[in-house]
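I set out to record in this notebook what I looked up in one structure. The entries follow the order in which I consulted it.

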Amino acid sequence: MTLSPSQASPRQLLLGAQAASHVLPVCDHYSGVEARMRKSLQLQAEMAQEFGACVFDVTLDCEDGAPVGGEREHAALVVELLQGAAPGMRVAARVHAVDHPSFAEDVAQIVGQAHQRLCHVMVPKVESLQDVQRAVAQVDAVGGTALPLHVLIESPLAVHNAFEIAAHPRVQSLSFGLMDFVSAHGGAIGADAMGASGQFRHPMVLRAKLDMAAACHAHGKTPSHCVVTEFSDAQAMAQAARQASGELSYTRMWSIHPAQIRPILQAFAPDAAEIEAACQIIEAAQAAQWAPISHQGVLHDRASYRYYWQVLERAWRTGQPLPHAVRAWLAA
């Protein structure tokens, strides 16, 4: 499979206005303690060598990582780690919420000094479009005009406003904050709903997750699933990742422990048979100049080409084996 210099990228050709979305790694790994942040960045570089691509983001956490009273020093550490990250790696920072006293200083230090090394800024506890606008103004004021924002949806009000939040052009992804969402209900949702299995059973939690994912897909943004706190339970982690991907339409998920990264990659990856079919269909479509084709007795046109191209992108983002020509095309 080859792409002529005169041809538009299939991403632009098939996805149109949404071509800038759905390109994020499927795993977003969070760490906020210095030793763990350094190990996370090292692991990211090692796995990029292993898979031939950066297969997960590392988000350096100020909100939960900074000790009370040590917010300025923690932000300075994040700047140091960003500036020392390996070339080509995707590293983000979670700042404090927009109404927190340290928000402006977080942004001034981290974005102001290292915006060129950031892939995005994560803003927690976003409740409304006005919160997004405030965050964008602060980021832009210190030189981060090209930076996407990721936002955490953590309350019933935020879920209610999710479509409006997702519509903002600087918002690239919404993440669901399970623990805060449950606790925001004042005991009306039990603690079981914060667990690996209970969060997929409680109707209010499921409704919120689906609403948030729908808001993302409506506006071409990436829905990112919440954490699994039982990080030592590999089976629970894998099951939650499969349900988030296969049942709730999430295309990305948080990790809070290195042992969770590979199960997320595996759960969000297409299987080998689907990858092979996607290679064959996209190659035939390109040869037909994207006109309809018949493949194994089934009609395919641009609607299905779009789907199978996204299968290849997901395979690329999860480090799956791909023909060399396909990998070169996706990496272009």
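**Entry 1: Arg90.** I worked from a predicted model. I located Arg90 in the loop between α3 (71–84) and β3 (91–94).

I then listed what Arg90 touches, setting aside neighbours within four places in sequence. The contacts are Leu24, Pro25, Gln44, Cys54, Phe56, Asp57, Val58, Cys119 and His120. I also checked Arg90 against Arg117, which is 27 residues away along the chain; their C-alpha atoms are separated by 8.2 Å.

**Entry 2: strand β1.** I next asked how many of the five residues of β1 (residues 27–31) are buried. Five of the five are, so the strand is largely enclosed by the rest of the structure. I looked at each face in turn: Cys27, His29 and Ser31 are buried on one side, and Asp28 and Tyr30 are buried on the other.

**Entry 3: partners of β1.** I found that β1 and β2 (residues 56–61) run parallel and are joined by five bridges. Within this pairing, Tyr30 has Thr59 of β2 as its bridge partner. I followed the chain from β1 to β2 and saw that it passes through helix α2 (residues 34–51), in a β-α-β crossover that is right-handed.

I found that β1 also runs parallel to β8 (residues 252–255), with three bridges between them. Here His29 stands opposite Ser255 of β8.

Entry 4: The largest nonpolar core here has 78 residues, of which Ile110, Leu174, Phe176 and Met253 touch the most other members. I recorded a second, separate core of 21 residues, with Ile275, Trp290, Ile293 and Trp329 among them.

**Entry 5: the two domains.** I noted that the chain is divided into domain 1 (27–268) and domain 2 (271–331). Their C-alpha centres lie 30 Å apart. Six residues from domain 1 and six residues from domain 2 form the contact.

I looked up the area buried between domain 1 and domain 2 and recorded about 550 Å², with carbon and sulfur atoms giving 49% of it. Which three residues supply more than any other three of the area that domain 1 buries against domain 2? I identified them as Phe51, Leu265 and Phe268, which supply 59% of that area.

Note on methods: Residues numbered from 1 in each chain as written. Predicted model: local features only at pLDDT ≥ 70, side-chain atom pairs only at ≥ 80, totals over all residues. Heavy atoms only, no water. Buried < 20%, exposed > 50% of the residue type's maximum accessible area, 1.4 Å probe, protein only. Helix = DSSP H or I, 4+ residues; strand = E, 2+ residues; numbered from the N terminus. Pairing = 2+ DSSP bridges. Right-handed = clockwise from strand over helix to strand, strands pointing away. Core = buried A, V, L, I, M, F, W, Y, C linked by side-chain atoms within 4.5 Å. Domains from an automatic or database assignment. Contact = heavy atoms within 4.5 Å. Buried area = accessible area lost by both parts, 1.4 Å probe.
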